[in-house]
Amino acid sequence: MDKNLTGREIRLAGRPVGTPGHQHFTLVSTAVPPLAEGQILVRNTWMSVDPYMRGRMDDKPSYLPPFQLDAALEGSAIGEVIASKSTTIPTGATVSHFLGWRDYAVLDATSATLVDTSSVPPQAYLGVLGTTGLTACAALTEAAPVRPSDTVFVSGAAGAVGSVAGQLARLLGAGTVIGSAGGPDKAKKLTESFGFDVGLDYQAAPIAEQLTRAAPEGIDVYVDTVGGDHLTAAIGAARSGARIALVGAVSSYNATGPVPGPENLYEAYWKELTLRGVLVTSYFHRFPEWIERASGWLRDGSLRTEETVVQGLEQAPAAFLGMLNGANTGKMLVRLDD
């Protein structure tokens with residue numbers, strides 16, 4: 001390892017009130033610390049930007065601690081081990097870990113996971129084979145399990161989790177799969193690329209009206225990544241005994257005041273609905289099973305993915321802000337190597 005090695009990292013420059021902007025990030029160069037016993041040095045090649053990171057920009061308690069001011073951000077990344085003082089992870093290995101937003105990461109080998117890139121590209125472990133895919137799996141097998149012939153509704157369906165969830169619902173036996181996305185092109189993409197039966201453009205008309213027309217007999221399962229009017233619409237369209245997986249609520253992440261709940265929440269009582277939150281960290285024990293199943297579906301074409309790739313660490317804030325505004329189709333990724 002070069003003792004004079006330096007690398008760049010993105011730090012949190014300020015806490016946003018409402019919508020974040022480029023002024024809340026700063027790019028700095030810093031010395032890479034020497035390795036201690038049991039540690040590895042990773043040259044990051046890919047990193048992920050995800051909606052949950054918006055919450056970590058605020059100084060509020062949550063299931064993950066807030067990002068620290070003037071410190072490097074964190075997130076999922078893939079990279080090559082270029083130096084190792086570990087007996088379990090050798091130099092040259094490809095690993096996934098949680099120290100993204102930087103060129104180089106020094107971490108304990110126990111905090112990294114070896115990944116097999118012989119049949120799938122490495123960045124797949126940030127998307128369909130990573131927490132993105134596992135979230136969709138947990139939503140549709142644990143929180144809101146799909147049953148044969150179910151009608152399933154997925155919001156944010158052109159995004160990372162939603163595009164996987166719609167296809168997984170079909171693989172699990174759903175009869176009809178409906179998705180919502182922003183804009184006619186994305187709505188069309190749902191049916192042409194991701195196998196949805198119906199793609200709804202929530203910008204074209206109120207989503208509740210569109211969902212009623214698409215599922216006049218109601219829905220059995222809803223995967224919620226949006227919250228707000230989508231959750232209200234899903235509760236209104238739900239059949240008795242329907243299941244709702246609460247994955248995210250991106251429509252409220254930049255809110256500056258209290259966010260009201262669904263105005264029709266009482267329907268969940270008399271319809272005997274199940275609304276269950278999905279915290280992907282609670283399902284990490286299912287990673288090996290999910291990776292094996294999803295890898296097979298990727299190889300045989302049963303599962304299709306798309307990526308929106310931004311080049312360069314310096315563009316990571318733009319990728320993050322774009323993702324929050326729906327600029328991506330499929331998984332938003334930042335490629336750090338050439």
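**Note on the predicted model**

1. Buried residues make up 51% of the 338 residues in the protein chain, and it should be kept in mind throughout that this is a predicted model.

2. The protein chain has nine helices and 15 strands. Its radius of gyration is 20 Å, close to the 20 Å given by the globule rule for 338 residues, so the chain is as compact as a globular protein of that length. Along the principal axes, the C-alpha atoms fill a box of roughly 65 × 45 × 35 Å. Among contacts with a separation of 6 or more, 67% join residues 24 or more positions apart.

3. As for charge, the protein chain carries 26 positive and 34 negative side chains, and the centres of these two sets lie 1 Å apart.

4. Helix α9, which spans residues 316–324, is mostly covered, with eight of its nine residues buried; these are A316, P317, A319, F320, L321, G322, M323 and L324. The cover over the buried residues of α9 includes the strands β1 (6–12), β2 (25–31), β3 (39–48), β14 (307–311) and β15 (331–335), together with helix α1 (52–56). Just after α9, G326 adopts a positive phi of about 80 degrees.

5. Once neighbours within four places in sequence are left aside, H230 is in contact with F153, S155, S180, Y202, I207 and Y222.

How values were computed:
Residues numbered from 1 in each chain as written. Predicted model: local features only at pLDDT ≥ 70, side-chain atom pairs only at ≥ 80, totals over all residues. Heavy atoms only, no water. Contact = heavy atoms within 4.5 Å. Buried < 20%, exposed > 50% of the residue type's maximum accessible area, 1.4 Å probe, protein only. Helix = DSSP H or I, 4+ residues; strand = E, 2+ residues; numbered from the N terminus. Rg over C-alpha atoms; globule rule 2.2 N^0.38 Å. Lys, Arg positive; Asp, Glu negative; His and termini not counted. Charge placed at Lys NZ, Arg CZ, Asp CG, Glu CD.
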